[in-house]
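Dear colleague,

Please find below the sequence and the structure that I am handing over to you. My findings follow directly after them.

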Amino acid sequence: MKEHQQTAVFCIVSLIGNLLPLLLGLLFYVANSNAWEGWNIFFTDGQFYLYSASLLTASAYIFYTYKVRNTDLNSVLLLVSGLLILVVSLFYAWKLSNTNNNIGFVKSSSGILFIVTLVLYYYSNLLSHRKIDVIASQKQGVEDILKQL
């Protein structure tokens, strides 16, 4: 339970730092008394693709650090994170090139990818707060292979 509490606090603080441009944008928006036009102003330029890419990069590094062998869950999540980094980067480049002006697609895809990113980010940080003996896990993996020989 303490691991989840530490992870939640870390993720909240980290997200505040990562999303600070968005939060300050909201502050300036409200301070200028602009009429609220909805969240589309934050989706039209693909901001959530960038936020996803930065959080996924941190997650991928943690999964890489905690993987024991190529078939464990952390290795699979490392692969998933790497593929998602590629996808969000491609979607952002597509949006940036002005060839994708479909705001509905940008809004739904970046929103879904951001939510998936938050789940992976939380889980990766949970791993870093757990006390895992990676060397013992690697030794156990070697012993399992030797037993099968």
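Helix 1 (residues 2–18) packs with helix 6 (residues 103–129) at an angle of about 130°, and their axes are 9 Å apart. Please note that this is a predicted model. Two packed helices are described by the angle between their axes and the distance between the axes. Angles over 145 degrees count as roughly antiparallel, and the angle of this pair makes helix 1 oblique to helix 6. The crossing of helix 1 and helix 6 is right-handed.

On the side of helix 1, the contact is made by Glu3, His4, Gln6, Thr7, Ala8, Phe10, Cys11, Ser14, Leu15 and Asn18. Helix 6 contributes Leu118, Tyr121, Tyr122, Asn125, Leu126 and His129. Sorted by class, the residues of this contact are eight nonpolar, seven polar and one charged.

Helix 6 also packs with helix 5 (residues 73–96). The axes of helix 5 and helix 6 come within 11 Å and cross at roughly 150°. The two helices are therefore roughly antiparallel to each other, and the crossing of helix 5 with helix 6 is left-handed. From helix 5, the residues in contact are Leu73, Asn74, Leu77, Val80, Ser81, Leu84, Val87, Val88, Phe91, Trp94 and Lys95. From helix 6, they are Ile103, Phe105, Val106, Ser109, Leu113, Val116, Leu120, Tyr123 and Leu127. The contact of helix 5 with helix 6 comprises 16 nonpolar, three polar and one charged residues.

I turn next to the aromatic rings. The structure holds seven aromatic pairs. In one of them, the ring centres of Phe48 and Tyr51 are 5.6 Å apart and the planes stand at 75°, so this pair is edge-to-face. The cut-off behind that name is an angle of over 60 degrees between the planes. Phe48 and Tyr51 both belong to helix 4 (residues 47–66), where they are three residues apart and thus separated by about one helical turn.

Are these two residues, Phe48 and Tyr51, buried or exposed? Buried means under 20% relative accessible area. Phe48 has a relative accessibility of 10% and therefore counts as buried. Tyr51, with a relative accessible area of 9%, is buried as well.

Finally, ring pairs link Tyr49, Phe91, Trp94 and Phe105 into a cluster. Among these residues, Phe91 and Trp94 of helix 5 and Phe105 of helix 6 also take part in the contact of helix 5 with helix 6.

Yours sincerely

Note on methods:
Residues are numbered from 1 along each chain as its sequence is written. This is a predicted model: local features need pLDDT of at least 70, side-chain atom pairs count only at pLDDT 80 or more; totals for chains, interfaces and linings use all residues. Side-chain values use heavy atoms; hydrogens and water are left out. Axes are lines fitted to C-alpha atoms, for helices over the stretch in contact, and angles run from 0 to 180 degrees between N-to-C directions. Helices (H or I, at least four residues) and strands (E, at least two) are DSSP runs, numbered from the N terminus. Angles under 35 degrees count as roughly parallel, over 145 as roughly antiparallel, 65 to 115 as roughly perpendicular and the rest as oblique. A crossing is left-handed if the near helix is turned anticlockwise from the far one by less than a right angle, and right-handed if clockwise. Contact means heavy atoms within 4.5 Å. Ala, Val, Leu, Ile, Met, Phe, Trp, Tyr, Cys and Pro count as nonpolar, Asp, Glu, Lys and Arg as charged, and the others, Gly among them, as polar. Rings of Phe, Tyr and Trp (its six-membered ring) pair if their centres lie within 6.5 Å; planes under 30 degrees apart count as stacked, over 60 as edge-to-face and the rest as tilted. Buried means under 20% relative accessible area, exposed over 50%, partly exposed in between (1.4 Å probe, protein chains only).
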